[in-house]
Every structure is written in C-alpha cells, then in structure tokens.
Amino acid sequence: MTAERVEQTKLELLEAARQVLTEEGFAGLSTRRVSEIANTQMSQIRYHFGSKEGMILALFEYMNAGLIERQKQTFTNPSLRISEKWFLACDFLDEDIQSGYVRVLQELIAAGWSNPKIGDAVRAALTQWNELLIALAQEATEEHGDIGPLSVEAMASLIACAFIGAEALILLGYEEQIHPVRKTLRQVGEVIANLENLQKEESNHAR
C-alpha cells in the first residue's frame with residue numbers, strides 16, 4: 001500500500017467517525033460502525049489510531065486544527081473592527097453547526113467528564129480558543145476602555161460561555177422556544193457596532 005493510500009484510508013476513517021458521531025452521538029460511535037461507513041476493516045482503525053479512544057482524539061484534532069487557524073486569522077486581522085470580528089464569529093457558529101463540528105465538540109465535552117484523556121484534549125482545544133478571546137478582549141479594552149471591574153480574562157470567559165452554552169441549546173432544539181441564542185449573539189454584535197459608531201462620532205466632534 002502506498003503512503004498516499006495509507007493517508008487516504010486514515011482520512012476516510014476520520015470522516016466516517018465524524019459522520020457517526022454527528023448522526024448517532026457518542027453512544028453510537030463504535031469501531032465496527034466506523035469501519036462499515038468507511039468500507040474497510042476494523043483492523044485499519046487499530047493500525048492508524050490504536051483504539052477507539054485514539055480515533056476519537058485524532059478526529060477532534062483533525063477537525064479542530066483548521067478552525068483554530070480560521071479564528072486566529074480573523075481575530076488578529078487589524079483591518080476588521082471588533083463588531084465585524086464578532087459577526088464573523090456568529091457566521092462561524094452557523095458553519096460549524098452545519099459541518100457537525102459543534103455536535104462533535106459537545107459530545108466530547110460530555111465524554112470528557114468521565115474520560116480523562118478526552119477531557120484533557122477538549123480542555124487543550126478550548127484553551128486555544130480562550131487565548132484568542134483574551135487577545136480580542138484586550139484589543140476591545142485598548143480601543144474602547146475598561147468595562148467596569150471586568151478583566152480581559154473575565155470578558156473572554158463570558159464570551160466563551162455564551163458561545164458554548166448557545167451551542168448546547170441549539171443542539172437541544174431549544175433556541176427558538178425560549179432562548180433565541182443565535183439572534184441574541186448577533187444583537188450583541190449590533191450593540192458593539194453601535195458603541196463603535198458612537199465613539200467615532202464623538203472623536204470626530206472633538207477634532
């Protein structure tokens with residue numbers, strides 16, 4: 001088997017695992033089911049990942065790496081206002097729900113409560129997200145001033161909780177009944193944009 005074919009088989013297994021986890025949840029994820037979807041033998045899972053747990057961790061790393069880079073490029077883009085970055089984050093939430101990433105993340109958060117290795121992997125990934133949010137909160141503070149007693153770390157924590165909580169409610173099908181979370185997150189972006197416009201007007205008047 002060529003190196004290209006070995007890599008292709010690995011990617012096919014990861015995509016099959018993503019499909020099973022997205023459609024059937026963590027409880028339905030088995031090496032047998034993944035091998036069926038990938039149309040290959042279960043021995044290939046052992047060869048590439050060592051175990052079901054290894055496959056899960058590889059899947060999360062596979063899905064998360066590109067998204068972290070996407071967020072990094074967005075949040076560190078100096079040509080975008082804070083509100084524009086916020087609206088893009090809302091767009092990314094919609095994309096990640098559609099792709100299945102949100103379902104995978106939430107399934108692994110729950111699995112991580114009782115599985116230390118999965119918990120470590122999820123915490124490491126969320127720490128990367130949080131570092132980007134801290135940098136964004138720092139940028140907002142430098143441009144618009146402090147928000148009362150909130151530190152940049154506290155602001156980042158609130159933002160992270162808002163999005164992760166929104167994901168959980170969306171997956172429960174709960175958002176339109178009592179918590180219109182996606183609409184609310186975008187309205188927060190509108191509040192930020194209004195503040196930016198107000199500060200710009202005040203700055204122009206002061207000249």
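These legends go with a few close-up views of a predicted model. Residues are numbered from 1 along each chain as its sequence is written, and side-chain values use heavy atoms, leaving out hydrogens and water. Local features need pLDDT of at least 70 and side-chain atom pairs count only at pLDDT 80 or more, while totals for chains, interfaces and linings use all residues.

View 1. H1 covers residues 3–24; helices here are DSSP runs (H or I, at least four residues), numbered from the N terminus. Thr9, Leu13, Leu14, Ala16, Ala17, Val20 and Leu21 are buried (under 20% relative accessible area; exposed is over 50%, partly exposed in between, with a 1.4 Å probe and protein chains only). Down the axis, the buried residues fall within an arc of 160 degrees, so they line one face of H1; the arc is taken from the directions from the helix axis to the C-beta atoms.

**View 2. What surrounds H1.** Its buried residues pack against H2, H3, H4 (52–75) and H6 (101–112), with contact meaning heavy atoms within 4.5 Å. Exposed Glu4 and Glu23 are on the face turned away from the buried side. Just after H1, glycine 25 has a positive phi of about 80 degrees.

**View 3. Asparagine 39 in its loop.** This residue lies between H2 (31–38) and H3 (42–49). Asparagine 39 counts as exposed because its relative accessibility is 71%. Its phi is positive, near 55 degrees. Most residues other than glycine have a negative phi.

**View 4. Threonine 141 in H7.** Threonine 141 belongs to H7 (residues 116–144) and is buried, at 14% relative accessible area. Leaving aside residues up to four places away in sequence, threonine 141 touches Asp146, Val152 and Met155.

Notes
Helices (H or I, at least four residues) and strands (E, at least two) are DSSP runs, numbered from the N terminus. The expected span of a helix is 1.5 Å times one less than its number of residues.
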